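Welcome to a short tour of a protein model. Please take a look at the sequence and structure before reading on.

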Amino acid sequence: MKGWSELSLLAAVLVACWVRTPVGAALTGAVALARHQPTPDLLASFRTALPAEVERSLVTALVQGPTPGNTDPELPGEGAWSAAVRTAVSAHLGPEVLVQVEGLGEADPAAALEIWAVGREARDRAVRRARASGSTVPEALSAHRRFLGDEDAAAADRAVEDTLALATVLDLAWPVSPAAPLTSGFGYRQHPVLHTRKLHEGVDIAVPEGTEVHAAGAGRVARARFDGVNGNHVTIDHGHGVTTAYCHGSVLRIDKGTSVTRGTLLMDSGSTGRSTGPHLHFGLRIGGRPVDPAPFRARGAAEVLARIGPA
Amino acid sequence: MRAMLAKTDAAAGGLARLATTLGQCALVVLGVHLAADNLDDRVLVGLTAAVELAERLLAGTGGRLLAGAEGTLEGLPLPALAACSALAVETAAVGLLCGAFLLTPRQARPSWCAWRRALGVRAVVVPVVLSGVLLAGAWSLAMSVEDVLPASPVAPWAAGLVALAALLRFGEPAWSRAVAALEPPQRFTEGLAAALVLAPVGLLAWMYGVPLWGLLPWSLP
């Protein structure tokens, strides 16, 4: 019977390699590609119809402006089933999924989405494994997701990270008065200083020098400093791969590493760095990719407000 | 029928050596992948800090060199760079560790005296890193076995038995061969370049690939 034990173990190890490393995924790439159901684009998800009450609350916050006095304590952080999270689940994964996910009875939407994506049993196993490896917070997604199989981890990422990124963006406010006009939109343009065609990774908002610029949402200040291009600028990490950037300020009012809520004063606007006049450059990135922030707030708000009327 | 069974049995016996070699390599692949699973995140933290430092040093006119558009740091493809770096480290670690035992005579056995004669960077790094990676590989195997078994209190034990068998059949011989292959170095630092690749993988394997730390009264970050 020599050799059978080695062959059996080899089969088990090869199957494990297939399941737990990208090797299998690479070898079966063609099959996976043929079966691939493209994940709905986040922006496309956002543009699907929002429930009127969500639109109304978003627009109210927008029109009043994110002044410090208007910081909404009801805005969700981690672990809250807010209107934005519900809308994101419904828009990104489907209304029927929202019913299923809420039916799980989990207080934390991230946990509920992960359980919906991979099953409660698989998630519990992953948490148990993270605990065995000494993790202090095995329930935290980053701590236990590595103990899921590669396929499950990818499914969890799609369900949790994409959806909560969308929810995070839905909660962003405009950093200055929405009445301030946009002077340069997102996209390729002739750079006003360099005179070359470059991607403008945000929008320029015309505001007088000294206008207060507020955080668009809760998060942590990733950068707050000066450089030759952006002048005085602040970058906020809102979590789930969402960051916002505020550039060309005259005076910085916050330090790197500070936790902020929506409406926290970040800086006074100005014209520092590579700039031709006083304005605020406002940028938004999802998963490291620059996206146009205008549809998320300013332009959409005016249209929605005209349709549903003041709250 | 009996003749066919005998032939099959003989064929299996003939394949034992090949199966062992493949199994050893696969166990290393599993262990390295589990250890290096979040290596890209850690590389990204290091790269971000390095770029920020460079930007600070080149602040002013020099800062423009790194700044392509608004949002200087975001303009650099750091996540892609980190992912490529982690993949390169993972691939190199698999190659180095598999090479450590594949290039050795199969019957070689390690001894304490031989190891002391070979004492150097390589003699310290290879056994420590390889043992961590093989343990991580066995745990990864146990996890995948547990995942395919029906949920029951017996499943973790069955998975553990398979992992133990893999460690005894594949892991221990591979480790012994690698240690037996160590030769007295020309100088103590011989193998330093390989050690720089293997050390982070080994550290991560021991930190996150061994399901023992949860039993300790303290926990890892």
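Does B:Ser140 count as buried or exposed, and at what relative accessibility? B:Ser140 counts as buried because its relative accessibility is 3%, where buried means under 20% relative accessible area, exposed over 50% and partly exposed in between (1.4 Å probe, protein chains only).

This is a predicted model, in which local features need pLDDT of at least 70, side-chain atom pairs count only at pLDDT 80 or more, and totals for chains, interfaces and linings use all residues. Residues are numbered from 1 along each chain as its sequence is written, chains are lettered from A and ligands numbered from 1 in the order in which they are written, and side-chain values use heavy atoms, with hydrogens and water left out.

**Chain A in overview**

- Chain A holds 12 helices and 12 strands; these are DSSP runs numbered from the N terminus, with helices (H or I) of at least four residues and strands (E) of at least two.
- Of its 311 residues, 51% count as buried.
- Chain A exposes about 13,700 Å², and 58% of that comes from carbon and sulfur atoms; accessible areas come from the Shrake-Rupley method with a 1.4 Å probe, and for residues only the protein chains shown count as cover.
- Among contacts in chain A with a separation of 6 or more, 63% join residues 24 or more positions apart, where contact means heavy atoms within 4.5 Å.

**Around B:Ser140**

- B:Ser140 sits in helix α6 (residues 121–148) of chain B.
- Leaving aside residues up to four places away in sequence, B:Ser140 touches A:Arg20, B:Leu30 and B:Leu34.
- The axes of α6(B) and α7(B) are 8 Å apart, and the two helices pack at about 155°; axes are lines fitted to C-alpha atoms, for helices over the stretch in contact, and angles run from 0 to 180 degrees between N-to-C directions.
- That angle makes α6(B) roughly antiparallel to α7(B), since angles over 145 degrees count as roughly antiparallel, under 35 as roughly parallel, 65 to 115 as roughly perpendicular and the rest as oblique.

**Between the chains**

- Helix α1 (residues 4–20) of chain A and helix α7 (residues 154–180) of chain B cross at roughly 115°, their axes coming within 10 Å.
- The crossing of α1(A) and α7(B) is left-handed.
- From α1(A), residues including A:Leu9, A:Leu10 and A:Val13 meet residues of α7(B), among them B:Val162, B:Arg169 and B:Phe170.
- This contact of α1(A) with α7(B) has 8 nonpolar, 1 polar and 2 charged residues; Ala, Val, Leu, Ile, Met, Phe, Trp, Tyr, Cys and Pro count as nonpolar, Asp, Glu, Lys and Arg as charged, and the others, Gly among them, as polar.

**A helix pair within chain A**

- Helices α7 (residues 95–103) and α8 (residues 109–118) of chain A cross at roughly 110°, with axes that come within 9 Å.
- α7(A) and α8(A) are therefore roughly perpendicular to each other.
- A:Val97, A:Gln100 and A:Val101 of α7(A) make the contact with A:Ala112, A:Leu113 and A:Trp116 of α8(A).
- The contact of α7(A) with α8(A) has 5 nonpolar residues, 1 polar and no charged.

**Two histidines to look at**

- Most residues other than glycine have a negative phi.
- A:His240, in the loop between β7 (231–239) and β8 (242–252) of chain A, has a positive phi of about 55°.
- A:His248 has a positive phi near 70° and lies in strand β8 of chain A.
- A:His248 counts as buried because its relative accessibility is 0%.

Notes:
A crossing is left-handed if the near helix is turned anticlockwise from the far one by less than a right angle, and right-handed if clockwise.
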